[in-house]
Amino acid sequence: MGIISWIVLGLLAGVIAKILLPGRDPGGLIGTTLIGIAGAFIGGWISSRWLDRPITRDFYDGATWVSAIGGALVLLIAYRLLFGHSRSR
């Protein structure tokens, strides 16, 4: 897959992660989109590096989608923990 495919995959992974974790994000739509793109790259890298699941050249591979969405979810949770508003307000 090329870099444009990873960006599109990241955009879609960010949307899916946002649907799975609803609520207000400190960064809004743009922040969530960038987190999705970064999550797709990180999820794909982790999948190929440590899980012995090489990324295929097929855009419709299920494992690629799961790793991208998983990476976006992890980054979204970390982003909310680090930069979210405190509940004491």
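I start with the surface. The protein has an accessible surface of about 5900 Å², and carbon and sulfur atoms hold 69% of that. Accessible areas here come from the Shrake-Rupley method with a 1.4 Å probe, and for residues only the protein chains shown count as cover.

What you see is a predicted model, where local features need pLDDT of at least 70, side-chain atom pairs count only at pLDDT 80 or more, and totals for chains, interfaces and linings use all residues. Residues are numbered from 1 along each chain as its sequence is written, and side-chain values use heavy atoms, with hydrogens and water left out.

Now the fold. The protein has 3 helices and 0 strands, in the order α-α-α along the sequence. Helices are DSSP runs of H or I with at least four residues, strands are runs of E with at least two, and both are numbered from the N terminus. Of the 89 residues, 30% are buried. Buried means under 20% relative accessible area, exposed means over 50%, and partly exposed is in between, with a 1.4 Å probe and protein chains only. Among contacts with a separation of 6 or more, 75% join residues 24 or more positions apart; a contact means heavy atoms within 4.5 Å.

On to helix 1, which covers residues 3-20. Helix 1 has 18 residues and spans 25 Å from first to last C-alpha, close to the 26 Å expected at 1.5 Å a residue; the expected span is 1.5 Å times one less than the number of residues. Which residues of helix 1 are buried? They are W6, L9, G10, A13, G14 and A17. These lie on the same side of helix 1, because they cover an arc of only 145 degrees around the axis. The arc is taken over directions from the helix axis to the C-beta atoms. The buried residues pack against helix 2 (28-49) and helix 3 (62-83). On the other side of helix 1, I4 and I19 are exposed.

Last, the nonpolar patch. I3, I4, I7, V8, L11, L12 and F41 form this surface patch, with about 580 Å² of accessible area together. Helix 1 gives the largest share, 6 residues. Within helix 1, I3 is exposed at 54% relative accessible area. V8, also placed in helix 1, is partly exposed at 36%.

How values were computed. Patch = residues over 30% accessible without salt bridge, like charges linked within 9 Å, V, L, I, M, F, W, Y side chains within 5 Å. Salt bridge = Lys/Arg side-chain N within 4 Å of Asp/Glu carboxyl O.
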